[in-house]
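Good morning, and thank you for joining this group meeting. I would like to take you through several helix contacts and strand pairings, and I ask that you keep the structure in view while I speak.

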Amino acid sequence: MDSQQVRQAFIDFFVERDHLLRPSASLIPVDPTLLLNNAGMVPFKPYFLGEQTPPAPRVVSIQKCVRTIDIDIIGTTQRHLSFFEMMGNFSFGDYFKERAIPWAYEFVTERLGLDPERLWYTVYKTDEEAREIWIDTVGIPPEKVQYGEADNFWQMGIPGPCGPCSEIFFDKGPAYGREGGPIDGDEDRYVEIWNLVFMQNIQDEPYHVIGDLPAKNIDTGMGLERTAGVLQGVDSVFDIDGLKSIREDAAAVMGVAYGSSEFNDISLRILADHARTIATLIGDGVVPSNDGRGYVLRRVLRRAVRRAWQLRAKRELITPVLVDSAIKMLGEAFPELTAKKEAILSVVIREEERFRRTLASGLELLETEISNLGSEQTISGATAFKLHDTYGFPIELTTEIAQERGVSIYREGFDEEMGCQRRRARKAWRGGDEAANAEFYRAVLDETGLTTFIGYEHETGVGRVLAIARNGELIERADEGMEVEIFVDATPFYAEAGGQVGDSGTIVTATGEIEVGDTRHALAGLHGHRSKVKSGFISVGQEAELTIDSPRREKIRKSHTGTHVLHWALRRVLGEHAQQAGSLVEPGRLRFDFSHHTGVGSSELAEIESLANTRLIENGEVTTAITSKEEAERQGALAFFGDKYGDTVRLVKIGQFSVELCGGTHTHTSGQVGPLVVTSESSIGSNIRRVEALTGETAYDQMTEWRDGLTDASRLLRTSPSEVPQRVKALLGRVSELQGHLDAFRQRDRDSLAAHLAGEADTFGSHRLVVSAQPDLNPEQLRLLAMSIRDRIGSGVVVVGSDIGGKGSLVGTVSRDLVDEGLSAADLIAGGAKLMGGGGSRDRVLSQAGGPDGSQLARALENVIETASKALGGMSGRR
C-alpha cells in the first residue's frame with residue numbers, strides 16, 4: 001500500500017463514520033504561542049478549549065507538520081523527520097473511548113490488513129476503562145495490553161487540558177531486538193503507529209489533575225510515514241515510496257550511491273527530508289529570513305546546501321532539483337504545492353545562490369579558526385557571529401560543524417554579539433505575555449461568553465456590561481480616571497485583526513461616560529474595549545450605549561479597501577509570488593508587507609500605483625458574503641496574513657478583479673477610497689518588502705502639499721510646473737560647475753597656505769614640525785591642509801587645528817618613515833584632544849580628534865608642540 005493509498009484509506013474509513021473531512025491547515029498556525037504547526041491537533045485547539053464552535057462534532061484530517069527540535073539527529077536515525085503528515089480523527093464532545101478504541105483496531109486490522117498477532121497496546125497506568133475496552137470489547141489478550149506512565153499521559157500546556165492516552169504498536173519481529181512488548185522490549189522492534197488521546201481532564205502542573213473538562217474529547221495521531229513503513233515492510237521511513245524517490249533523486253544528482261558509506265547515507269537522508277520541509281514551508285508562505293519561522297526555513301535550506309557541498313556538489317544548484325522532486329511526491333495530497341511550484345523554486349534558487357556565494361569563504365574562515373585553536377578547543381563568539389552576520393551561517397550550522405570537528409562554540413559570546421540585532425527584530429514566537437494573559441481571558445470568557453459584533457451594519461448599538469478588567473483582575477465597578485478593559489455582550493466596535501486597527505469611540509451608561517481608545521481581541525471572538533472612565537462610573541450589569549468614532553472608521557474603511565486593491569496591483573505587476581506577509585490599516589494610511597526578492601523599481605512602483613487608481617476610478621461595487629472556506633478557495637480567494645479563519649468565512653469582492661478572505665470593514669464601492677498614493681518602498685528583511693501608501697482625504701492633502709510646493713518652485717524658477725524638473729537639472733549642472741571652480745580656488749588657497757606653513761616649519765635634525773591653528777576650517781578641510789603640508793616637508797609631523805562654533809578639531813599626520821620608527825599621529829594629538837574634553841581616532845599615520853570645548857584650542861596645540869618636539873628631539877638625538 002503506497003502513501004496515497006494509506007491517506008485515502010484513513011479518510012474514507014472515518015468519513016464513512018460521519019466525520020467531516022477537513023483539509024490540512026497551513027503550517028503557519030493561528031496559535032500565537034507556536035512558531036509552526038507541529039501536531040495534528042494544533043488547528044483544532046480553539047475547539048478543545050471552547051473558544052470556537054467546531055464545524056462538526058466529528059472531524060478527520062491529514063495535517064502537514066514541521067518539527068525541528070530533533071533536526072540535529074535527522075538522517076542519523078531511521079525514523080526522525082522534520083516534515084511529517086499526521087492523520088487524525090477527532091471528537092469534540094461526541095464519542096469517547098468506547099468508539100475510538102474499537103474503530104482504531106478495525107482500521108489497522110481490516111482496512112490496513114495488519115496481522116493482529118503482531119499488534120501491541122499500551123494504556124496509562126490508572127486507565128482501567130481503556131484497558132477493559134481493549135480486552136473485553138475488542139478481544140485483545142490481556143498480556144498484550146501494557147501499562148505505561150509518562151508516555152501514556154498527554155498534556156496541552158500548564159495549566160490546560162490533559163488526559164491519558166493509548167498507543168498501538170507493531171512488532172517487527174525477533175530480528176529487531178528483545179521481546180517484551182513496547183514497555184519492556186526494544187524500541188527498534190516495537191514501532192508506535194497510532195496514539196489515541198482521551199482528553200478528559202484539566203491539570204495545574206504536570207500530571208496533577210484538578211478536575212474534568214466539560215466535554216470529553218478524542219484527539220488521535222497516526223504518523224503517515226511510520227505507518228507506510230510498516231505496511232511496505234521497510235526498516236526506515238526513508239525507504240517508503242514518498243521519501244525513497246526523493247532520496248534516489250538526491251543520489252543521482254550528487255553522483256553517489258546509497259549504501260556506499262555511512263556519511264553518504266546520512267547526507268542523502270538529510271537531503272530527502274529537508275527537501276519536503278523546504279517545499280511545504282515556502283508553499284505555505286514562509287520566506288527565508290533571520291528570525292521566526294523564516295529563520296527555521298533558512299536554517300533547514302542552508303543545512304541542506306552545506307550537506308550537498310560536502311558531497312562535492314559545488315558547481316550546480318542542488319535544492320531546486322530536490323524540492324521539485326518533493327513537490328512531485330506531495331502534490332497529489334497537497335495540490336497547492338503544484339500550483340505554486342514556480343514560485344517555490346524561485347525562492348529556493350535565490351536562497352541557495354545567496355548562500356553559495358559565501359559558503360566557501362565561511363568554511364575557510366571556520367577551518368582556519370579551528371586549526372588555530374590550540375588547547376582551548378572553543379571557537380569564539382565573535383567568530384561565530386561573523387559567520388552568521390557576514391557569511392550567512394546559522395549558529396546551529398556552525399555548532400554542528402564544530403561538533404563534527406570535536407570543538408565547541410562560546411555561545412554566550414555569540415549571544416552577546418547578537419543582542420543588538422535581536423532587540424531590533426521582534427521575535428516571531430510571541431509566547432510570553434500573550435500566553436500568560438490567555439488564562440485570564442479564558443476566565444473572562446467563562447463569565448461573558450463570546451461578543452456579538454454588530455459593526456458591519458451599525459456604528460452605534462446597545463449592549464450590557466458583562467465584565468470589567470483592571471490590571472489582570474475582574475472588578476465590579478470602575479470610577480472616573482480609571483483605565484480598564486470593558487466586555488459587553490454586543491458591540492459595534494471592530495477589534496484589531498488582519499492588520500486593521502481597532503475602533504475608538506465612547507461608551508455611555510446611566511452613571512458615566514467612558515472613552516474607548518482601542519479595541520482588541522482578548523481571545524478569538526471576545527472583544528476587549530480598552531478604555532478610560534471620563535466621568536462618573538461604570539459597573540457590571542449596566543446597559544450601555546456604544547458609539548464608534550465614525551469619521552475615523554470611514555478613513556479606516558478607505559485604507560482597508562485600498563489595501564486589497566494595492567495587493568491585487570502588486571501581484572499583477574510583480575507576479576503571483578508577491579504574497580502578503582503583513583499589513584497595517586490605519587485612518588488615511590496603510591502599510592503592506594509582501595514577499596519579493598529584490599527592490600521594486602520606480603517604474604514598477606509607478607505602474608502599481610497607476611493600476612490601483614485605475615481600479616478605484618472604475619468605482620466597482622464592494623460586496624461581502626458569508627460562505628464556507630472551501631467555497632471561498634474555489635472562487636480563488638486570497639487569505640490575508642494574520643487573519644484567523646474558521647470554517648465559515650467572510651468573502652470580500654471588489655469589482656471583478658479582487659477576491660479576499662477578510663473580516664475587516666470596507667467601503668461600499670472602490671471609488672469611495674478616493675486617490676491612493678504610494679509614498680515609499682523599502683526592505684524590512686530578507687525577501688520581504690514594504691510599501692506604504694495614503695488614501696482618501698489624507699492622500700489628497702499630501703498631493704495638495706506636493707502641488708503647492710511644485711507651484712512655489714516653478715514661481716521661484718520662473719518656469720511652468722511641468723518644466724521644473726528640467727530647470728532644476730540645469731541648475732544642478734550649473735551648481736556642479738561652479739562648485740568645481742570654487743574647489744579649484746580653494747585648492748590654490750590651500751596650496752599657498754600649505755607652502756607658507758611648510759616654509760616656517762621647525763627643524764629637528766632631518767625632521768620638521770608644523771603646528772598651526774587655522775580659523776573656521778571643518779575637519780575635512782583640516783585633513784586636506786595637513787596632507788598638503790606633509791607632502792611638502794618630507795620627514796616630519798604636521799598638526800593643524802580649528803575652532804568652529806565652539807567645538808575644537810585637530811588633525812595630525814606623520815610621515816611614513818617616522819611611523820616605522822614608532823611615532824604615532826594618534827598619540828601626538830591625544831593629549832590636546834583631552835584638554836578640549838574629547839578624544840580621537842587611533843590611526844598612526846593620519847588621526848583626527850576633537851572636543852566640545854573649542855576655547856582650549858590654544859592649550860591643546862601647545863600640548864601637541866611639547867609632545868611632538870620631545871618625540872622628534874629624541875629621534876634626532878638617536879641619529
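Let me begin with two helices, α9 and α12, whose crossing is right-handed. Please bear in mind throughout that this is a predicted model. Helix α9 covers residues 292-310, and it packs against α12 at an angle of about 60 degrees, the axes being 10 Å apart. At that angle α9 is oblique to α12.

Which residues of α9 meet α12? They are R298, L301, R302, V305 and W309. On the side of α12, the partners are V348, E351, E352, R354, F355, R356, L359, A360 and L363. Sorted by class, the residues of this contact of α9 with α12 comprise eight nonpolar and six charged, with no polar ones.

Helix α12, residues 341-371, also packs against helix α13, residues 381-389. Here the angle is about 170 degrees and the axes lie 10 Å apart. The two helices are therefore roughly antiparallel to each other, since an angle over 145 degrees counts as such. From α12, the residues G362, L365, L366 and E369 take part, and they meet T383, K386 and L387 of α13. The contact of α12 with α13 has three nonpolar, two polar and two charged residues.

A further helix pair involves α1, residues 3-15, and α6, residues 224-231. Their packing angle is about 115 degrees, with 10 Å between the axes. Helix α1 is thus roughly perpendicular to α6. The crossing of α1 and α6 is right-handed. In this contact, α1 contributes S3, V6 and R7, while α6 contributes L224, T227, A228 and L231. By class, the contact of α1 with α6 has four nonpolar residues, two polar and one charged.

I turn now to the strands, starting with β7. Is strand β7, residues 160-171, mostly covered or mostly uncovered? It is mostly covered, as twelve of its twelve residues are buried. Strand β7 pairs in the antiparallel sense with β4, residues 119-124, over four bridges. Within that pairing, Y121 has I168 of β7 as its bridge partner. Strand β6, residues 153-155, is joined to β7 by three bridges, and these two strands also run antiparallel. There, W154 stands opposite G163 of β7. Strand β8, residues 190-205, is linked to β7 by ten bridges, again in the antiparallel sense. One of the bridge pairs places P161 with I202 of β8.

As a general point, strands of a sheet pair through backbone hydrogen bonds, either parallel or antiparallel.

Within this sheet, β33, residues 807-814, and β35, residues 846-851, pair in the antiparallel sense over six bridges. Residue L810 stands opposite A849 in β35.

Methods
Residues numbered from 1 in each chain as written. Predicted model: local features only at pLDDT ≥ 70, side-chain atom pairs only at ≥ 80, totals over all residues. Heavy atoms only, no water. Pairing = 2+ DSSP bridges. Axes fitted to C-alpha atoms, helices over the stretch in contact; angles between N-to-C directions. Parallel < 35°, antiparallel > 145°, perpendicular 65-115°, else oblique. Left-handed = near helix turned anticlockwise from the far one by under 90°. Contact = heavy atoms within 4.5 Å. Nonpolar A, V, L, I, M, F, W, Y, C, P; charged D, E, K, R; others polar. Buried < 20%, exposed > 50% of the residue type's maximum accessible area, 1.4 Å probe, protein only.
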